[in-house]
Amino acid sequence: MSKKRPVAVALAGALCLVATACADSTDKADAAGGTSAAAAKTGYPVTLENCDGTEKFTKAPSRVVVMNGASVAEVSTLLALGLGDRIVANQQSYGMSEVEGRAKAIKALPDGGVKLNDAYDVPREAMIGLRPDLVLSTTSYGFDEKNGFATREQLKGVGAGTYVSPQGCDQDTSKMTIADSYTLLRDMGRIFNKGDQAEKLIAASEKKIADVTAKVKGEKRPKVPKVMVLFSNMTMGGNDFSSVVAKGIYNDILAKAGGTNAFESASKTSFADLSKEKVAATDVDALVVIGYNDPNPAAYARKLLKEFPQWPAAKDNKYVALSDSMYLGPSNDLAVEKIAGMLHPDTF
């Protein structure tokens, strides 16, 4: 990012995050001889396969710490499930949200009163002092001892469960899709005995996205619009445009909204580090600017359109500014809806 280097380092590590098999989760009977009547009624114990380990929950956590990870996926998912009162320390914030009231609700959550480290996250001693029974991290970075964090084993030793979000285990977000947002919802639903509520949220999201995609597919158009997706006022590399999205959940959202990523082939990883010349030479039909604690991403979008007047996007003034809905989390349907409306105004 451009303003504070520690945040840039954290974002480069966390946004360029992601993983593989955090998603498979299966209930297992209590090893002592099956579940009791009370456990069966509440759905406990719950066992999740997470990264290379197993996490077992015998009751719903009540002291949750949400690590930063340059994300709001985890805290937004908890709020969507009505679990804000379980959070004793939250370090996540995008500063804005497509969901009415969410940014305010996130801001109102306790931060634990801890002194953060250079990665703007909770260091080991402070984490142990919070006495959590569940710690959520966007990627395995948040449990890496060499980064000054408490490890999963250390947290287990003080009675805390841990969870790394889908595609966060190997820190490679390039394969992330909307399905990973649903996995996060389902897993939190199971951990907190809110499975029915999680499934209702998923079903509503799937229906909205399916309806939008059906309308887009029914529209006659000469070509699929090429969209540039990038974070506003942020640099993560050596070139002018180092926060341009190449792969990941963003492309799944674009496809369902009837668009395609103009820079998908520019990098094998989640982000491309592009020169101004490369950006200028690419036809961009529309802009999606993601605001990460930027109070005015729309102004950044307008500035880009003025800087590259040769783009079809500039001629048509085609852009949308988004925040948390474009990222892993419970609100991807809103991004699909808003992008489709921008790309295909005659259809919506």
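## Disulfide

A search of the whole structure, which is a predicted model, finds 1 disulfide, the term denoting a pair of cysteine sulfur atoms within 2.5 Å. Cys 51 is joined to Cys 169, with an S to S distance of 2.1 Å. The torsion about this S-S bond is about -85 degrees, so the disulfide is left-handed.

Distant parts of the chain are linked by the pair: Cys 51 lies in the loop between β1 (46-50) and β2 (53-57), and Cys 169 in the loop between β6 (161-164) and α7 (178-191), 118 residues apart. Helices (H or I, at least four residues) and strands (E, at least two) are DSSP runs, numbered from the N terminus. Both cysteines are buried, that is, under 20% relative accessible area (1.4 Å probe, protein chains only).

## Packing of α9 and α13

The axes of α9 (residues 249-256) and α13 (residues 332-343) come within 8 Å and cross at roughly 50 degrees; axes are lines fitted to C-alpha atoms over the stretch in contact, with angles from 0 to 180 degrees between N-to-C directions. This angle makes α9 oblique to α13, a class left over once angles under 35 degrees (roughly parallel), over 145 (roughly antiparallel) and 65 to 115 (roughly perpendicular) are set aside. The crossing is right-handed, meaning that the near helix is turned clockwise from the far one by less than a right angle.

In α9, Ile 249, Ile 253, Leu 254 and Lys 256 meet Asn 332, Ala 335, Val 336 and Ile 339 of α13, contact being heavy atoms within 4.5 Å. By class, this contact has 6 nonpolar, 1 polar and 1 charged residues.

## Basis of the values

Residues are numbered from 1 along each chain as its sequence is written, and side-chain values use heavy atoms, without hydrogens and water. Local features need pLDDT of at least 70 and side-chain atom pairs count only at pLDDT 80 or more, whereas totals for chains, interfaces and linings use all residues.

Key: Buried < 20%, exposed > 50% of the residue type's maximum accessible area, 1.4 Å probe, protein only. Nonpolar A, V, L, I, M, F, W, Y, C, P; charged D, E, K, R; others polar.
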